[in-house]
Amino acid sequence: MTDLFEPRLPVARLHKSFRLVLDDPTCAAVMPIIQSWSVGLVERSREGDKFVKEFQSTFNSAMWELYLNKALTELGFTADFSLAVPDFCVTAPDGYRFNIEAVISDRGAGAAPANPASLDAFKNRCALKLIGKLTDKAELFRGSQGKKRPYGSLSHVRNVPFVVAIAPFDSDYSLLQNNELINLVLFGIGEPSHDPGSFGEQARVAEIRTPSGAPVKMGIFTNDSFKEISAVIFSTVGTFGKAVVESGVNRIIRSNRYRCIEKSAVGHDAAAWALGDRYSVSQKKLAYLKTRRWDFGREIAGSDIRICATALHSETHLDGLHIYYNPYAQCPLRPDVFQSGEITHNFYDTVKNEPAQFHPDGALVSRLLFDPDLQSLEHLLRTDGFLGQR
């Protein structure tokens, strides 16, 4: 098997994240995990050496493809790597075919970390990055930028669902956006309201503006403007951190999971569904749990925020994965193809003119890793309100 971590480029051309992996002794256990994700992908005809160099020089885009490659394997799919494009020409166990083009919203080469003037400015910039990349892929399919052989003209792409898998890597904070900004881009909805009178409601957002003031339309899956894209795969946790978790390397982990239950189903575990914020602390085991619960009529919903050591954290490879279906797609993706209990399925109801999002109870919303030291632990406990709780 082609070794991803045997340097093939001069040191000056190696991405800083790749160099950090090589230089950090604790990453010795992480490298075999990432290597295992590459099965098939790095053996691609005439592409193996190119992919390894991309991994070593750009890191994030290749990490996203590696994550996807392993995810497709876990779902029982096979990819035909004899075809040069798109990135994954996929066949499901029942013979159903679709294609995936992978992309990330990344910072430019050599770009300094962005420090937006406000949270709103940060969110706008991230949303513009996402829609810019999705636009690029739609145009790649259409051939609207003078491409001689647009994807849509290829026999193995034509009349087959075309899926774009996108992940945000454009700043040190981009992974904190969860699914809020992809909801904005695809469905034209803002973040849930925290006001008592409208708690949980999401306002419609028709457009946002670039720094120069130019309007950019949001909600591209609420009309046929992106009909070439059948669906979008999205995750903010399909990252290097996923490999660290799977390796078992000791870290302090802060995770946030969505929780929901029908009120009629609450039984002996009623305490776990008590409304409001509640804290559970086990300092001896380094395990902290904050439960947040709200009343939504027939349901109780909220989140479980956990701070714990790696040994107490549980996470699958597919945890945190979202599929967004385009109701206006010229070739829709069959909604029963991605069968796994961890995956969130997001639809847009064209009759009700509103999103229909199905988050499984326990869906992973976010996961962050920190060094296993007292300073990191105290920062997390203070931020999430554990200090002073008993």
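1. Phe 59 sits in the loop between helix H3 (48-57) and H4; helices here are DSSP runs of H or I with at least four residues, strands are runs of E with at least two, and both are numbered from the N terminus. Although Phe 59 is not a glycine, its phi is positive, at about 65°. Phe 59 counts as buried because its relative accessibility is 4%, where buried means under 20% relative accessible area, exposed over 50% and partly exposed in between (1.4 Å probe, protein chains only).

2. The model is predicted, so local features need pLDDT of at least 70 and side-chain atom pairs count only at pLDDT 80 or more, whereas totals for chains, interfaces and linings use all residues. Residues are numbered from 1 along each chain as its sequence is written, and side-chain values use heavy atoms, with hydrogens and water left out.

3. Asn 159 also has a positive phi of about 65° without being a glycine. Asn 159 is placed in the loop between H5 and strand S4 (162-169). With a relative accessibility of 69%, Asn 159 counts as exposed.

4. Val 52 belongs to helix H3 and is buried, with a relative accessible area of 0%. Contact here means heavy atoms within 4.5 Å. Not counting residues up to four places away in sequence, Val 52 touches Thr 2, Asp 3, Leu 4 and Arg 8. Val 52 and Glu 6 are 46 residues apart along the chain, and their C-alpha atoms are separated by 9.0 Å.

5. The largest nonpolar core has 54 residues, and Phe 55, Phe 98 and Phe 338 have the most contacts inside it. H4 gives the most to this core, with eight residues. A nonpolar core is a set of buried Ala, Val, Leu, Ile, Met, Phe, Trp, Tyr and Cys residues joined through side-chain atoms within 4.5 Å. Leaving aside neighbours within four places in sequence, Phe 55 is in contact with Leu 4, Phe 5, Phe 18, Ile 34, Ala 62, Met 63 and Leu 66. A second, separate core of 34 residues includes Phe 122, Ile 131, Val 185 and Phe 226.

6. The count of cavities of 30 Å³ or more comes to one. A cavity is a set of points on a 1 Å grid over the protein atoms alone where a 1.4 Å probe fits but cannot get out; a pocket is an open set with protein on both sides within 12 Å along at least five of seven lines, and lining residues have an atom within 4 Å of a point. Points are joined across faces, edges and corners, and a volume is the space filled by probe spheres set on them. The largest cavity has a volume of about 50 Å³. Its lining consists of Leu 68, Ala 71, Leu 72, Leu 75, Ile 100, Ile 233, Leu 321 and Phe 338. Helix H4 (residues 60-74) supplies the largest share of this lining, three residues. By class, the lining has eight nonpolar, no polar and no charged residues; Ala, Val, Leu, Ile, Met, Phe, Trp, Tyr, Cys and Pro count as nonpolar, Asp, Glu, Lys and Arg as charged, and the others, Gly among them, as polar.

7. The second largest pocket holds about 460 Å³ of space. Of its 20 lining residues, Glu 54, Glu 65, Asp 87, Glu 101 and Ala 102 lie nearest the centre. H3, H4, strand S3 (97-106) and H5 each give two or more residues to this lining, and the largest share, five residues, comes from S3. The lining of the second largest pocket divides into eight nonpolar, two polar and ten charged residues.

8. Helix H5 (residues 119-142) has 24 residues and reaches 35 Å from its first C-alpha to its last, close to the 34 Å expected at 1.5 Å a residue; the expected span is 1.5 Å times one less than the number of residues. Gly 143 follows H5 and has a positive phi, near 80°.

9. In helix H6 (residues 180-187), seven of the eight residues are buried, among them Leu 181, Asn 183 and Phe 187. Just after H6, Gly 188 takes a positive phi of about 65°.

10. Val 85 and Pro 86 are joined by a cis peptide bond, with omega about -10°. Pro 86 lies in the loop between strand S1 (78-79) and strand S2 (88-91).
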